[in-house]
Amino acid sequence: MREQFTYDAVAGRVVFGAGTARTALADEVARFDAARVLLIASEQEEPLARSLAAPFAERIAATFTAVRPHVPTEVAADARELATAAGADLLLSVGGGSTTGTAKAVALTTGLPIVAVPTTYAGSEVTPVWGMTEGARKTTGVDQRVLPRCVVYDPELTLTLPVDLSMASGLNAMAHCVEAFWAPRRNPISTLMAEEGIRALGRGLPAVLDEPGGADGRADLLYGAYLAGSAFAVAGSGLHHKICHALGGAFDLPHARTHAIVLPHVLAFNAPAAPDAADRIARALGRADAVTGLAELSRRLGIPAGLRELGMLESQVDEATDLVAPTVPADNPRRVDRPALRALIHAAWAGSPPGPDATATHQGQT
Ligand code: NAD
């Protein structure tokens with residue numbers, strides 16, 4: 001029997017396709033009847049943003065280029081001030097998650113609509129989540145005002161994204177998709193998006209590694225990133241993200257590689273209690289087994305086997321367990337007690353083959 005579910009759809013118009021940033025953007029901006037657009041792009045992406053906006057240059061009232069990673073509050077204040085001074089009626093962001101985040105910071109206080117043109121695989125453009133940093137402290141929140149009203153996805157814009165950055169944000173997207181199968185607000189629709197996202201990312205990641213200038217691989221990666229962001233926005237984050245967040249914060253481990261190493265272990269742990277998820281993930285990866293399929297993909301992309309290769313110490317496994325334990329979602333498919341959690345983190349640290357019961361191979365260490 002079909003289970004009951006709640007699906008809180010994330011609204012927004014999406015235009016996807018190679019070349020669309022040049023052929024469709026002017027019409028998309030015109031749909032807002034905007035006469036005073038604030039163009040937001042980092043210094044690096046400014047020439048690209050200007051060339052994309054050239055067909056409607058008369059509508060650009062001002063340009064903000066002082067984009068910084070993680071949206072420092074002073075950057076948000078400067079961008080808001082410019083929006084007000086320019087009398088902006090639309091925000092047009094061209095760039096990665098940091099640029100989209102800057103536009104979101106302006107929308108948060110002004111309510112101005114955003115048209116987003118992403119140039120990375122971060123996925124922020126389809127979420128109502130904003131983030132800002134003050135000193136080292138990051139604050140995040142959810143507000144529908146920051147959700148871009150229109151996203152123009154043009155894979156041609158991602159051709160210049162370096163391969164290591166492409167792999168990093170593509171793998172991050174893969175983690176969003178896999179986790180969406182058991183995240184707290186999962187439902188059949190987010191699962192559908194996640195499965196198709198895994199299919200596209202599983203094809204796109206090795207294709208872009210082999211041929212960074214290949215149009216098909218780039219299109220697969222961007223499509224997968226869109227689906228990953230969409231699934232994540234609806235389903236939320238679960239056990240995997242709690243572990244990676246704690247590891248990244250406490251031991252300064254690199255974000256994307258940490259995700260890629262931990263993901264097969266969390267999947268292996270949850271799979272016995274989520275067989276449908278494991279089947280669908282395997283199918284999407286075109287493999288007989290989801291866990292080995294994911295682990296093999298990571299290896300193919302040059303991801304180290306264990307967190308120890310990223311500099312984490314074995315003595316930090318207990319600390320990590322203590323940090324993660326209180327944050328484990330109550331509705332994870334399998335109950336996560338402390339010994340099981342420690343064994344999972346230890347297996348990810350050691351680079352052992354991911355298995356459903358890591359405690360069995362690490363008895364005596366809990
Ligand atoms: P980024 O926007 O900081 O960009 C990384 C680097 O890549 C920058 O130097 C940028 O100039 C360059 N770059 C961007 N596009 C390029 C291209 N096509 N070719 C060459 N270089 C290019 O990084 P990101 O990974 O896109 O975004 C990370 C940020 O987004 C983080 O702050 C993260 O917290 C945030 N984020 C937010 C959400 C959300 O839902 N709010 C979701 C995902 C990420």
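This is a predicted model: local features need pLDDT of at least 70, side-chain atom pairs count only at pLDDT 80 or more; totals for chains, interfaces and linings use all residues.
Local features need pLDDT of at least 70 and side-chain atom pairs count only at pLDDT 80 or more, while totals for chains, interfaces and linings use all residues. Residues are numbered from 1 along each chain as its sequence is written, and side-chain values use heavy atoms, with hydrogens and water left out.

The shell around the ligand holds 19 residues, of which Gly97, Ser98, Thr119, Thr120 and Thr127 come nearest (near: a heavy atom within 4 Å of the molecule). By class, 5 of the shell residues are nonpolar, 11 polar and 3 charged, with Gly counted as polar and Asp, Glu, Lys and Arg as charged. Helix 5 (residues 97-110) contributes the most, with 3 residues; helices are DSSP runs (H or I) of at least four residues.

Polar contacts are pairs of N or O atoms within 3.5 Å. An oxygen atom of the ligand lies 2.6 Å from a side-chain N or O atom of Ser98, and a polar backbone atom of Gly97 is 2.7 Å from a ligand oxygen. A ligand nitrogen is 3.5 Å from an N or O atom in the side chain of Ser124. The protein buries 75% of the 870 Å² that the ligand exposes when taken alone (Shrake-Rupley method, 1.4 Å probe).

Asn187 sits in the loop between helix 6 (163-179) and helix 7 (188-210). Asn187 counts as buried because its relative accessibility is 3%, the cut-off being under 20%. The side chain of Asn187 reaches the backbone nitrogen of Ile189 at 2.9 Å, and a polar atom of that side chain lies 3.2 Å from the backbone oxygen of Arg185. Beyond its neighbours within four places in sequence, Asn187 is in contact (heavy atoms within 4.5 Å) with Phe5, Thr6, Tyr7 and Val234.

Notes:
A polar contact is a pair of N or O atoms within 3.5 Å; within protein, one must be able to donate a hydrogen and the other to accept it, and residues adjacent in sequence count only if both atoms are side-chain atoms. Helices (H or I, at least four residues) and strands (E, at least two) are DSSP runs, numbered from the N terminus. Buried means under 20% relative accessible area, exposed over 50%, partly exposed in between (1.4 Å probe, protein chains only).
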